[in-house]
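Biologist: Please put the model and its sequence on screen. I will then go through it piece by piece.

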Amino acid sequence: MTRKITANLYMTLDGRGEFPQYPGSDLPSGKPGEPDEFFQRMWTDRYSDVTTVIMGRRSFTGHRQVHSLEARKPGAPEFMFDYSRFLERVDKVCLSHRLKRLDWANSRVLKGDLGKIIAKVRAEKGGNIIIEGGPRLIHEVIRLNLADDYWFLVMPVVFGRGPRYWDSMKTQTNLKLLSATAMRYGELVLHYEAVREKTASKSR
Ligand SMILES: NC(=O)c1ccc[n+]([C@@H]2O[C@H](COP(=O)([O-])OP(=O)(O)OC[C@H]3O[C@@H](n4cnc5c(N)ncnc54)[C@H](OP(=O)(O)O)[C@@H]3O)[C@@H](O)[C@H]2O)c1
């Protein structure tokens with residue numbers, strides 16, 4: 001069976017790859033000790049079918065610093081330990097031209113043409129794949145239409161600065177909305193499926 005590729009992305013309303021503070025952002029949205037809707041849908045629900053997580057270098061090192069089992073602080077909710085255990089056991093691909101050592105179990109570095117990397121990983125034996133993206137990586141994934149589906153967490157902030165997901169692209173990409181959920185503090189969790197046929201954009 002083909003390995004399904006899901007891209008996860010986190011952005012402000014103006015498409016910035018930032019994690020700003022906003023009313024409620026430091027409060028749990030889920031029940032005490034339980035993951036909120038976005039964490040549940042993007043991660044917890046996927047633990048049994050996903051065996052590979054692909055990250056850009058910055059996302060990889062950020063996750064290692066905060067979410068590796070070694071980094072997990074005692075007293076964190078059990079679901080965060082589950083997340084660390086999941087990240088520990090999956091095959092982790094770090095995209096980088098410069099990193100040689102990764103210092104995290106089950107991880108490897110790949111570099112070069114993203115389309116070829118994704119095709120190579122997809123052809124390997126394993127379960128489904130998550131691409132955990134910063135703006136530059138996700139921009140390429142969308143531009144090349146590499147993922148089968150996308151989970152967006154959209155935060156209720158027009159941030160006004162920082163790296164953008166949506167720099168110009170030559171063609172438009174159509175996505176089919178599968179679900180949309182508003183969370184307690186105004187975040188939207190959006191699930192889209194890829195539409196493979198591209199529609200040529202018309203100039204106005
Ligand atoms: N999920 C997330 O982690 C996330 C979400 C939203 C926002 N952000 C924020 O976004 C910022 C980082 O954004 P970003 O898009 O630059 O992060 P990123 O995708 O995690 O990392 C970008 C790096 O990945 C490497 N890379 C990407 N494609 C490659 C390829 N085909 N071959 C080899 N290396 C490749 C390059 O590393 P080398 O320089 O080593 O070659 C590149 O500099 C951070 O400030 C972060 O906080 C992160």
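Biologist: How many C-beta neighbours does Asn106 have inside 10 Å, and what does it count as?

Modeller: This is a predicted model, in which local features need pLDDT of at least 70 and side-chain atom pairs count only at pLDDT 80 or more, while totals for chains, interfaces and linings use all residues. Residues are numbered from 1 along each chain as its sequence is written. A residue is buried if 20 or more other C-beta atoms, placed from the backbone, lie within 10 Å of its own, exposed if 12 or fewer do, and partly exposed in between. Asn106 has 14 such neighbours inside 10 Å, so it counts as partly exposed.

Biologist: What is the phi of Asn106?

Modeller: Most residues other than glycine have a negative phi. Asn106 is not a glycine, yet its phi is positive, at about 55°.

Biologist: Where is Asn145 placed?

Modeller: Asn145 is not a glycine either and has a positive phi of about 55°. It is partly exposed, because 17 other C-beta atoms lie within 10 Å. Elements here are DSSP runs numbered from the N terminus: helices are H or I with at least four residues, strands are E with at least two. Asn145 falls in the loop between H5 and S6.

Biologist: What is the mean pLDDT of the protein chain?

Modeller: pLDDT is the predictor's confidence in each residue, from 0 to 100. Where it is low, the predicted coordinates should not be read in detail. In the protein chain 97% of residues reach 70 or more, and the mean is 93.

Biologist: Which element has the highest mean pLDDT?

Modeller: Helix H1 is at the lowest end among the elements, with a mean of 91. The highest mean, 98, belongs to S3.

Biologist: What is the radius of gyration of the protein chain?

Modeller: The chain has five helices and eight strands, in the order β-α-β-α-α-β-β-α-β-α-β-β-β from the N terminus on. The globule rule, 2.2 Å times the number of residues to the power 0.38, is compared with a radius taken over C-alpha atoms. For 204 residues the rule gives 17 Å, and the chain comes close to that, so it is as compact as a globular protein of that length, with a radius of 17 Å.

Biologist: What share of the 204 residues is buried?

Modeller: Along its principal axes the C-alpha trace spans about 55 × 40 × 35 Å. Of its 204 residues, the share that counts as buried is 26%.

Biologist: Why is Val141 buried?

Modeller: Val141 is found in helix H5. Two residues are in contact if their C-beta atoms, placed from the backbone, lie within 7 Å, and beyond four places in sequence Val141 is in contact with Ala7, Ile131, Gly133, Leu146 and Ala147. Val141 is buried because the number of other C-beta atoms within 10 Å is 23.

Biologist: How far apart in space are Val141 and Ile131?

Modeller: Not counting residues up to four places away in sequence, Ile131 touches Ile5, Ala7, Ile54, Leu137, Val141 and Ala147. Val141 and Ile131 are ten residues apart in sequence, and their C-alpha to C-alpha distance is 8.8 Å.

Biologist: Which element supplies the largest share of the shell around the ligand?

Modeller: The shell takes in residues whose C-beta atom, placed from the backbone, lies within 6 Å of the molecule. There are 23 of them, the closest being Gly17, Gly56, Ser59, His97 and Gly134. Two or more residues each come from strand S2 (50-56), helix H2 (57-67) and helix H5 (135-143). The largest share, four residues, is from H2.

Biologist: How many charged residues does the shell around the ligand have?

Modeller: Ala, Val, Leu, Ile, Met, Phe, Trp, Tyr, Cys and Pro count as nonpolar, Asp, Glu, Lys and Arg as charged, and the others, Gly among them, as polar. The shell has eight nonpolar and nine polar residues, and its charged residues number six.
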